[in-house]
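User: Please examine the model shown below and answer a series of questions about its fold and packing.

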Amino acid sequence: MTKKYKFITLAATAVLTLSIAGQSFAATNPFSDIANVPAKDKITALQNKGLVQGVGEDRYFPNATLTAAQGIQLIVNALDLNIDTLRFFKEPHATDYFPKADDNAWYADALIIAANNNIGLPNDLDPNKTWTKEEFTHQLILAIEQHSNLPMIKIAPVEFNDQDEVSISYDGSIQIALVLKIAELDQDGNFNPTDDITRADAAVLIYNALAYIGEAPAPSAE
């Protein structure tokens, strides 16, 4: 007896309701709490493109820390990742890929999309863990390398004061981010790799990454 399988996909409406904040508020009003934030213009530009949403009607909470789930949703949104062309024999669940996830959480669809787009997330990912600056930078660079036609370039390592605080597994990604000006050092010449990344800092990295992708020349056919 042949068993019949039903092909299914994620509902598009479910994907569209997700946001970096974990809530589905339309970005209809300018954020009221970023007036004195240096990243104001970049955050606003991302809001206008629908890539970031706030909490409530008009607040972004720029200084709030970013969880892994929020960071993944932001990367998925920014790189326009999807599973539109995939078909599944059974309904996919976030826990199929990340056991620590919650299949009923707001971020579930984003994790499914990220897993099926192979952006280098670890299987032991904790969606509720706060990401550090080096963790978010690393995952963003991995996703860009996987899904953008970036040219192969030789980089001269950038020296910075707190380089000894960078995790060895993240050093390559951070060097790429600095060389491509996706990330930058602070005024004291530090990267602050182990600091919890804020929503404002994450928005800046996303904005700079998209700017680089948009300006980068296509790879040579050779």
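The questions and answers below go from the whole chain to single residues.

User: What kind of model is this, and how are its residues numbered?

Analyst: Residues are numbered from 1 along each chain as its sequence is written, and side-chain values use heavy atoms, with hydrogens and water left out. This is a predicted model, in which local features need pLDDT of at least 70, side-chain atom pairs count only at pLDDT 80 or more, and totals for chains, interfaces and linings use all residues.

User: How many helices and strands does the protein chain have?

Analyst: Helices (H or I, at least four residues) and strands (E, at least two) are taken as DSSP runs, numbered from the N terminus. From that terminus on, the elements run α-α-α-α-α-α-α-α. The secondary structure therefore comes to eight helices and zero strands.

User: What percentage of the residues of the protein chain count as buried?

Analyst: A residue is buried under 20% relative accessible area, exposed over 50% and partly exposed in between, using a 1.4 Å probe and protein chains only. Of the 222 residues of the protein chain, the buried share is 45%.

User: What share of the contacts with a separation of 6 or more in the protein chain comes from residues 24 or more positions apart?

Analyst: Contact here means heavy atoms within 4.5 Å. Among contacts in the protein chain with a separation of 6 or more, residues 24 or more positions apart account for 75%.

User: What span should helix α6 have, and how far apart are its end C-alpha atoms?

Analyst: The expected span of a helix is 1.5 Å times one less than its number of residues. Helix α6 covers residues 133–147, so its 15 residues should span 21 Å. The end C-alpha atoms of α6 agree with this, being apart by 21 Å.

User: Why is α6 described as largely enclosed, and what covers its buried residues?

Analyst: Helix α6 is largely enclosed by the rest of the structure because 11 of its 15 residues are buried. Among them are F136, H138, L140 and I144. What covers the buried residues of α6 includes α3 (68–78), α7 (168–179) and α8 (199–215).

User: How are α3 and α6 oriented to each other, and what is the handedness of their crossing?

Analyst: Two packed helices are described by the angle between their axes and the distance between the axes. Axes are lines fitted to C-alpha atoms, for helices over the stretch in contact, and angles run from 0 to 180 degrees between N-to-C directions. For α3 and α6 the angle is about 30° and the axes are 11 Å apart, so the two are roughly parallel (angles under 35 degrees; over 145 is roughly antiparallel, 65 to 115 roughly perpendicular and the rest oblique). A crossing is left-handed if the near helix is turned anticlockwise from the far one by less than a right angle, and right-handed if clockwise; α3 passes α6 in a crossing that is right-handed.

User: Which residues make the contact between α3 and α6?

Analyst: Helix α3 contributes G71, L74 and I75. On the side of α6, the residues are F136, Q139, L140 and A143.

User: How are α6 and α7 oriented to each other?

Analyst: The axes of α6 and α7 are 9 Å apart, at an angle of about 70°. In α6, residues including E134, H138 and I141 take part in the meeting with α7, whose residues there include S169, Y170 and S173. From the angle, the two helices are therefore roughly perpendicular.

User: Is H138 buried or exposed, and which residue does its side chain join by a polar contact?

Analyst: H138 lies in helix α6 and has 12% relative accessibility, so it counts as buried. Leaving out residues up to four places away in sequence, H138 touches S169, Y170 and S173. A polar contact is a pair of N or O atoms within 3.5 Å; within protein, one must be able to donate a hydrogen and the other to accept it, and residues adjacent in sequence count only if both atoms are side-chain atoms. At 2.8 Å, the polar contact of the H138 side chain is with that of S173.

User: Which residues does A209 contact beyond its neighbours within four places in sequence?

Analyst: A209 is found in helix α8 and, with a relative accessible area of 3%, is buried. Beyond its neighbours within four places in sequence, A209 is in contact with L140, I144 and I182.

User: What is the phi of F61?

Analyst: F61 lies in the loop between α2 (40–48) and α3. At 31% relative accessibility, F61 counts as partly exposed. Although F61 is not a glycine, its phi is positive, at about 55°.
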